[in-house]
Amino acid sequence: MRTLDFLVDVPHARRVNEMLADLRRVQFSALIVIALLIGGAVGLFMVGQPWAFVVAGALLVAAVGMGYAGIYAPRQASDLQKLYNEYELVPAVVTAVRPRGVTLLALVNVVRDRSRPPVWALVPRRVQNLPGHERREGERVACVAVTSGAPGSKVWQQVRPVPIAWGARDVDVLARAVRAIPHVEWEVLRKNMVRTEEAEKSRTYPILKDKELPPELR
């Protein structure tokens with residue numbers, strides 16, 4: 001799996017990395033839900049009936065689960081150095097420029113078992129911050145693909161392109177990231193920029209067929 005070795009600029013990342021802001025919102029929402037669950041459990045314990053104890057216990061279990069999913073897991077994901085070291089380096093291009101940001105389209109091999117043939121998908125993402133890059137259509141933006149999916153699924157069901165520019169302000173690092181991605185992948189993206197709207201509206205990521213791919217990517 002292709003990765004990029006660089007030292008994350010943590011102060012820079014804390015200012016511009018929109019994924020961190022998303023994680024903070026998730027954690028805040030989780031805290032509210034946990035407080036409601038615990039409050040409900042306490043109220044049921046005060047009822048003093050057997051059925052109330054059962055329901056209260058279920059609410060406490062739910063609160064623990066929410067604590068892991070909404071607080072602990074996002075905290076682990078906020079380890080930016082680990083994130084950039086472990087997730088795959090992928091190409092993305094700017095396909096639209098908006099008043100408050102740009103739209104990116106990434107090319108990602110979403111197959112989980114890399115011993116199997118690749119499954120290339122077009123993954124869109126709207127971002128506001130893109131330091132170190134020009135806000136123009138066709139701008140090349142190296143990213144890492146943060147992936148997740150249900151156990152047992154053959155492909156990643158959720159993919160979030162995270163720009164290298166959110167972790168590094170050094171233009172040499174950004175240029176090295178772009179160079180590390182083969183030209184053939186950039187060329188496939190260039191030809192599919194017109195499919196950005198399709199990708200944004202689709203419930204699943206558009207998958208490129210073999211006939212749409214050069215031999216190197218099949």
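Reader: Which residues does Asn-109 touch, not counting residues up to four places away in sequence?

Author: Please keep in mind that this is a predicted model. With those sequence neighbours left out, Asn-109 touches Arg-114, Pro-118, Val-119 and Trp-120. Asn-109 itself belongs to strand β2, which covers residues 101–109.

Reader: Is Asn-109 buried or exposed?

Author: The label rests on relative accessible area, and buried means under 20%. Asn-109 has a value of 9%, so the residue is buried.

Reader: Which backbone atom lies 2.9 Å from a polar atom of the Asn-109 side chain?

Author: That atom is the backbone nitrogen of Val-119. Val-119 is also among the residues that Asn-109 touches.

Reader: Let us turn to charge. How many salt bridges does the structure hold?

Author: The general idea is that side chains of opposite charge can pair when their charged atoms come close. In this structure there are ten salt bridges.

Reader: Which residue forms a salt bridge with Asp-9?

Author: The partner is Arg-169, and the closest N and O atoms of the two are 2.6 Å apart. Arg-169 is placed in the loop between β5 (158–163) and α5 (171–179), while Asp-9 is in the segment before α1 (10–16), so the pair ties together parts that are 160 residues apart in sequence. Arg-169 is partly exposed, at a relative accessible area of 46%.

Reader: With which residue does Arg-195 form a salt bridge whose closest N and O atoms are 3.0 Å apart?

Author: That residue is Glu-198. Arg-195 forms a salt bridge with Glu-212 as well, with 3.2 Å between the closest N and O atoms. The latter pair links distant parts of the chain, 17 residues apart: Arg-195 is in the loop between α6 (183–191) and α7 (196–201), and Glu-212 is in the segment after α7.

Reader: Are Arg-195, Glu-198 and Glu-212 buried or partly exposed?

Author: Arg-195 is buried, with a relative accessible area of 16%. Glu-198 is partly exposed at 39%, and Glu-212 is partly exposed at 34%.

Reader: Which residues are linked with Arg-136 in a network of salt bridges?

Author: Glu-134 and Glu-139 are linked with Arg-136 in that network.

Definitions and conventions: Residues are numbered from 1 along each chain as its sequence is written. This is a predicted model: local features need pLDDT of at least 70, side-chain atom pairs count only at pLDDT 80 or more; totals for chains, interfaces and linings use all residues. Side-chain values use heavy atoms; hydrogens and water are left out. A salt bridge is a side-chain nitrogen of Lys or Arg within 4 Å of a carboxyl oxygen of Asp or Glu. Helices (H or I, at least four residues) and strands (E, at least two) are DSSP runs, numbered from the N terminus. Buried means under 20% relative accessible area, exposed over 50%, partly exposed in between (1.4 Å probe, protein chains only). A polar contact is a pair of N or O atoms within 3.5 Å; within protein, one must be able to donate a hydrogen and the other to accept it, and residues adjacent in sequence count only if both atoms are side-chain atoms. Contact means heavy atoms within 4.5 Å.
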